[in-house]
Amino acid sequence: MDIIESLKWRYAVKMFDPEKRLNGEQLERITDGIQLTPTSMGLQLMRFLIISDPVIKSDLVPLAYNQQQLKDCSHVIVLCRKSVVSEEDITSLVQRTGEVRQLESDHPTLFNYEKMLRKSLSLSPVQQIAWMENQVYIALGNLLTVCAADKIDACPMEGFDRQKVDSYLKLPEKGLNAVVLCPVGFRSENDKYRKISKVRRRKSSLFEFV
């Protein structure tokens with residue numbers, strides 16, 4: 001399907017079919033799309049929990065204002081940011097860059113890259129959090145686009161109690177904080193929204209060519 005037609009096809013599903021599950025290939029496509037997300041300086045200061053356990057999915061429902069999609073979907077993807085930027089986040093990326101591009105550890109390119117990273121990350125904790133959360137939303141965009149292209153339904157959710165979700169999933173213990181929940185699966189035939197026309201502003205009110 002053409003990507004534009006795929007984006008027209010998708011919508012934020014309100015009712016998933018609980019009997020339909022994503023297969024391994026579909027999950028692999030989703031994780032590939034998320035992994036390939038462009039992020040600032042390539043740091044990828046995020047992590048993604050992919051939940052299929054029915055008990056955990058059900059337990060998340062009251063923490064997200066009783067949105068039943070969490071229970072009925074195939075998988076819930078919890079998009080998280082790092083709680084803080086650590087020394088290991090920098091050194092591991094520099095090391096990984098050397099491995100992928102076959103550069104010795106003392107190569108000037110890696111030295112200059114690490115120097116740039118350290119300078120760019122001299123932000124306050126509040127600035128770091130805002131910056132990392134922005135990166136997570138780029139990943140969300142990739143996730144939704146890959147799902148649409150592969151005819152997989154999704155429903156991004158900001159409506160949840162972050163503190164309670166973090167606590168329930170023990171995210172702070174992993175150095176993480178939840179930013180967005182995204183149930184994925186397949187729309188129910190009973191979802192009335194599947195036949196309602198998508199509403200977007202006219203292009204004339206969104207774009208200005210200079």
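Me: Which elements each supply at least two residues of the lining of the largest pocket?
Reply: Three names to look for here: α2 (24-35), β1 and α5 each supply at least two lining residues. Do keep in mind that this is a predicted model. The element that gives the most to this lining is α5, with 7 residues.

Me: How many residues line that pocket, and which lie nearest its centre?
Reply: The lining has 24 residues, and those nearest the centre are Q35, G42, L43, Q44 and L93. The space in this pocket comes to about 810 Å³.

Me: Let's step back. How many helices and strands does the protein have?
Reply: There are 9 helices and 4 strands. Along the sequence they come in the pattern α-α-β-α-α-β-α-α-α-β-α-β-α. The C-alpha atoms fill a box of roughly 60 × 50 × 35 Å along the principal axes, and 40% of the 210 residues are buried. For contacts with a separation of 6 or more, 80% are between residues 24 or more positions apart.

Me: Now α5, please. How do I read which residues of a helix are buried?
Reply: Start with the general idea: an α-helix has 3.6 residues a turn, so residues three or four places apart point the same way. In this structure, the buried residues of α5 are D89, I90, L93, V94, T97 and G98. Looking down the axis of α5, you find these buried residues within an arc of 165°, so they line one face of the helix. Q95 and R96, on the other side of α5, are exposed.

Me: What do the buried residues of α5 pack against?
Reply: Their packing partners are β2 (75-82) and α6 (108-120).

Me: What span does α5 reach, and what is expected?
Reply: Helix α5 covers residues 87-101, which makes 15 residues. From first C-alpha to last, α5 reaches 22 Å, close to the 21 Å expected at 1.5 Å a residue. Just after the helix, Q102 takes a positive phi of about 55°.

Me: How many bridges join β3 to β4?
Reply: There are 2 bridges between β3 and β4 (residues 176-185), and these strands run antiparallel. To find one on screen, select D153, whose bridge partner in β4 is G185.

Me: Last one: how many cavities of 30 Å³ or more are found in the whole structure?
Reply: The search finds 2. The largest cavity holds about 40 Å³ of space. Its lining includes W9, R10, Y11 and D153.

Methods: Residues are numbered from 1 along each chain as its sequence is written. This is a predicted model: local features need pLDDT of at least 70, side-chain atom pairs count only at pLDDT 80 or more; totals for chains, interfaces and linings use all residues. Side-chain values use heavy atoms; hydrogens and water are left out. The expected span of a helix is 1.5 Å times one less than its number of residues. Buried means under 20% relative accessible area, exposed over 50%, partly exposed in between (1.4 Å probe, protein chains only). The arc is that of the directions from the helix axis to the C-beta atoms. Contact means heavy atoms within 4.5 Å. Two strands pair if DSSP finds at least two bridges between them. On a 1 Å grid over the protein atoms alone, a cavity is a set of points where a 1.4 Å probe fits but cannot get out, and a pocket is an open set with protein on both sides within 12 Å along at least five of seven lines; lining residues have an atom within 4 Å of a point. Grid points are joined across faces, edges and corners, and a volume is the space filled by probe spheres set on the points.
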